[in-house]
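This briefing goes through one structure by topic. Please keep the sequence and the model in view while reading.

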Amino acid sequence: MNLSTHIIYSLISYKLASLVVGSTFAFMGYRLFMSGIWGQAGELETVFGDNKLVLKKAAPGTFFALFGALIIAITLYKGLEFEDYTKGKQSFVEIAEEGDTDMPDTKKM
């Protein structure tokens, strides 16, 4: 296998692992919530821009489920992007970043 294939498989593996971890957190939160474990109810207060999110007396399962949903949302929002460049006989694959349209520097390779 060449380097390009390894990069593609690594990116796919990373994304799948992120989805599995997010799903696991969401499932653990669901199980905690459904089993009725309330314990010490927690609080969350966060501000982003002009918006404010406040959770008071939330069950521990709620935090697990929200954290899992956040991991899944970020993973899906970022997507699976890579770019394949060919210059002469050399081929390059790199993870695409937003706004990056430059060719890779072949002198370093």
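The points below cover a helix, one of its residues, the aromatic pairs and a salt bridge.

The model is predicted. Helix H2 runs over residues 60–78. The structure holds 3 aromatic pairs, and the salt bridge count comes to 1.

**Helix H2**

- The end C-alpha atoms of H2 are 28 Å apart, which agrees with the 27 Å that its 19 residues should span at 1.5 Å a residue.
- Gly 61, Gly 68, Ile 71 and Thr 75 are the buried residues of H2.
- Seen down the axis of H2, these buried residues fall within an arc of 95°, so they line one face of the helix.
- Tyr 77 and Lys 78 are exposed, on the other side of H2.
- Just after H2, Gly 79 has a positive phi of about 75°.

**Thr 75**

- Thr 75 lies in H2 and has a relative accessible area of 10%; the cut-off for buried is under 20%, so Thr 75 counts as buried.
- Its side chain reaches the backbone oxygen of Ile 71 at 2.8 Å, and Ile 71 is itself one of the buried residues of H2.
- Leaving aside residues up to four places away in sequence, Thr 75 touches Lys 15, Ser 18 and Leu 19.

**Aromatic residues**

- There are 3 aromatic pairs in the structure.
- One of them is edge-to-face, because the rings of Phe 25 and Phe 67 have their planes at 85°, with their centres 5.0 Å apart.
- This pair links distant parts of the chain, with Phe 25 in helix H1 (residues 3–35) and Phe 67 in helix H2, 42 residues apart.
- Phe 25 is partly exposed, at a relative accessible area of 23%, and Phe 67 is partly exposed at 40%.
- Phe 27 and Tyr 30 form a tilted aromatic pair, with 6.5 Å from centre to centre and 35° between the planes.
- Both Phe 27 and Tyr 30 lie in helix H1, 3 residues apart, or about one turn of the helix.
- Tyr 30 is partly exposed, with a relative accessible area of 44%.
- Phe 25, Phe 64 and Phe 67 make up one aromatic cluster.

**Salt bridge**

- Side chains of opposite charge can pair when their charged atoms come close.
- Here, the side chains of Glu 45 and Lys 52 meet in a salt bridge, at 3.3 Å from N to O.
- Glu 45 counts as exposed, at 53% relative accessibility, and Lys 52 is exposed, with a relative accessible area of 55%.

Definitions and conventions. Residues are numbered from 1 along each chain as its sequence is written. This is a predicted model: local features need pLDDT of at least 70, side-chain atom pairs count only at pLDDT 80 or more; totals for chains, interfaces and linings use all residues. Side-chain values use heavy atoms; hydrogens and water are left out. Helices (H or I, at least four residues) and strands (E, at least two) are DSSP runs, numbered from the N terminus. Buried means under 20% relative accessible area, exposed over 50%, partly exposed in between (1.4 Å probe, protein chains only). A polar contact is a pair of N or O atoms within 3.5 Å; within protein, one must be able to donate a hydrogen and the other to accept it, and residues adjacent in sequence count only if both atoms are side-chain atoms. Contact means heavy atoms within 4.5 Å. A salt bridge is a side-chain nitrogen of Lys or Arg within 4 Å of a carboxyl oxygen of Asp or Glu. The expected span of a helix is 1.5 Å times one less than its number of residues. The arc is that of the directions from the helix axis to the C-beta atoms. Rings of Phe, Tyr and Trp (its six-membered ring) pair if their centres lie within 6.5 Å; planes under 30 degrees apart count as stacked, over 60 as edge-to-face and the rest as tilted.
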